[in-house]
Amino acid sequence: KIWLNTSLVQFREFLEISLVLAIAVTSSGGEYKLLMQFSLVFMAVFNALNVINSFSYAQIINKGEIEILNQNAVKEMKTGILFFLFIFFAYLILSIFYDVFSLFSMPESSANTFYAILLLPLFNIFMGPLSQLNIHFRNMDYLNIAQIFKIFLISLVVIPYYLLGEIELLTFVIWKILVEMMFIAILSYGLFDKFGYCPPILDNLRRTNCQK
């Protein structure tokens, strides 16, 4: 089931590039790939926290100490936000003196698309390591079904393409962000409903929003 999940993730990435090449304006495929590579610097904060905490999360889950899991998730969210903001402001300072995107001959609109893409790693930090927790909870069927549903929703972007014609890369990215947020919300609800996990962003509202 983990192999299936990995395959679905890889297929989704292939599908996204294929859709951009097929429905977006000319040269958007290369621009999208480069922007996603740039955003990996920010996603690395989230991924690094997951690697560091994977074993401790597994131990906590095996002991059934869900409240401790929720508390640790809040701590890691705060750490992740600090590192994310540090990298982001370092990028802003760099961009004052040097236009990173011009080096790759990308249009000025690439900056707006890049900022939109950055919402995803930030939202992931807010919600915690949902995919990883589903694996630790052995909730793979739910995770894989959610992955398939996400792939289906992303592919629906062809509808406005057939209705309106060629679309801008930013439009596709916004669609992808909305789908990703829905996917994250589905995973979050499943973990809360089955296991009592509370997304760290809701920590201050835990008593009302994360209590059955």
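By class, seven nonpolar, two polar and two charged residues line the second largest pocket. Here Ala, Val, Leu, Ile, Met, Phe, Trp, Tyr, Cys and Pro count as nonpolar, Asp, Glu, Lys and Arg as charged, and the others, Gly among them, as polar. This is a predicted model, in which local features need pLDDT of at least 70, side-chain atom pairs count only at pLDDT 80 or more, and totals for chains, interfaces and linings use all residues. Residues are numbered from 1 along each chain as its sequence is written, and side-chain values use heavy atoms, with hydrogens and water left out.

Select Tyr-91, Ser-95, Tyr-98, Asp-99, Val-100, Phe-101, Ser-102, Met-106, Pro-107, Glu-108 and Ala-111 to show the lining of the second largest pocket. Its volume is about 160 Å³. A pocket is an open set of points on a 1 Å grid over the protein atoms alone, with protein on both sides within 12 Å along at least five of seven lines; a cavity is a set of points where a 1.4 Å probe fits but cannot get out; lining residues have an atom within 4 Å of a point. Grid points are joined across faces, edges and corners, and a volume is the space filled by probe spheres set on the points.

**The largest pocket**

Next, select Val-9, Arg-12, Glu-13, Met-43 and Asn-47, which lie nearest the centre of the largest pocket. The space inside is about 990 Å³.

Which helix gives the most to this lining? It is α2, with ten residues. Color α1, α2 (28–63), α5 (119–127), α6 (130–136), α7 (140–155) and α9 (169–195): each supplies at least two lining residues. Helices (H or I, at least four residues) are DSSP runs, numbered from the N terminus. By class, the lining has 16 nonpolar, eleven polar and seven charged residues.

How many cavities of 30 Å³ or more does a search of the whole structure find? There is one. About 100 Å³ of space lies in the largest cavity.

Select Phe-46, Leu-49, Asn-50, Asn-53, Tyr-57, Ala-73, Glu-76, Met-77, Ile-125, Gly-128, Pro-129 and Pro-200 to see its lining. α2 supplies the largest share, five residues. Both α2 and α3 (66–97) supply at least two. The classes here are eight nonpolar, three polar and one charged.

**Two helix pairs**

Two packed helices are described by the angle between their axes and the distance between the axes.

Show α1 with α7. Their axes are 10 Å apart and pack at an angle of about 10°. Axes are lines fitted to C-alpha atoms, for helices over the stretch in contact, and angles run from 0 to 180 degrees between N-to-C directions. So α1 is roughly parallel to α7, a term for angles under 35 degrees. Contact (heavy atoms within 4.5 Å) involves residues including Leu-8, Phe-11, Leu-15 and Leu-19 of α1 and Leu-143, Ile-148, Ile-151 and Ser-155 of α7. The contact residues divide into twelve nonpolar, four polar and three charged.

Now show α4 (residues 110–117) with α5. These axes come within 4 Å and cross at roughly 15°. That makes α4 roughly parallel to α5.

**Leu-19**

Zoom to Leu-19 in helix α1 (residues 2–23). Leu-19 is buried, with a relative accessible area of 8%; buried means under 20% and exposed over 50%, with a 1.4 Å probe and protein chains only. Leaving aside neighbours within four places in sequence, Leu-19 is in contact with Ala-24, Ile-154, Ser-155, Val-157, Val-158 and Phe-172. Draw the C-alpha to C-alpha line to Ser-155: it spans 7.7 Å in space and 136 residues in sequence.

**The loop between α6 and α7**

Select Phe-137, found in the loop between α6 and α7. Is Phe-137 buried or exposed? Phe-137 is buried, with a relative accessible area of 13%. Not counting residues up to four places away in sequence, Phe-137 touches Ile-61, Ile-66, Leu-69, Leu-191 and Phe-195. The C-alpha atoms of Phe-137 and Tyr-57 are separated by 9.9 Å, and the two residues are 80 residues apart along the chain.

Finish on Arg-138, in the loop between α6 and α7. Arg-138 is exposed, with a relative accessible area of 70%. Check the backbone too: Arg-138 has a positive phi of about 60° although it is not a glycine. Most residues other than glycine have a negative phi.

Technical notes
Parallel < 35°, antiparallel > 145°, perpendicular 65-115°, else oblique.
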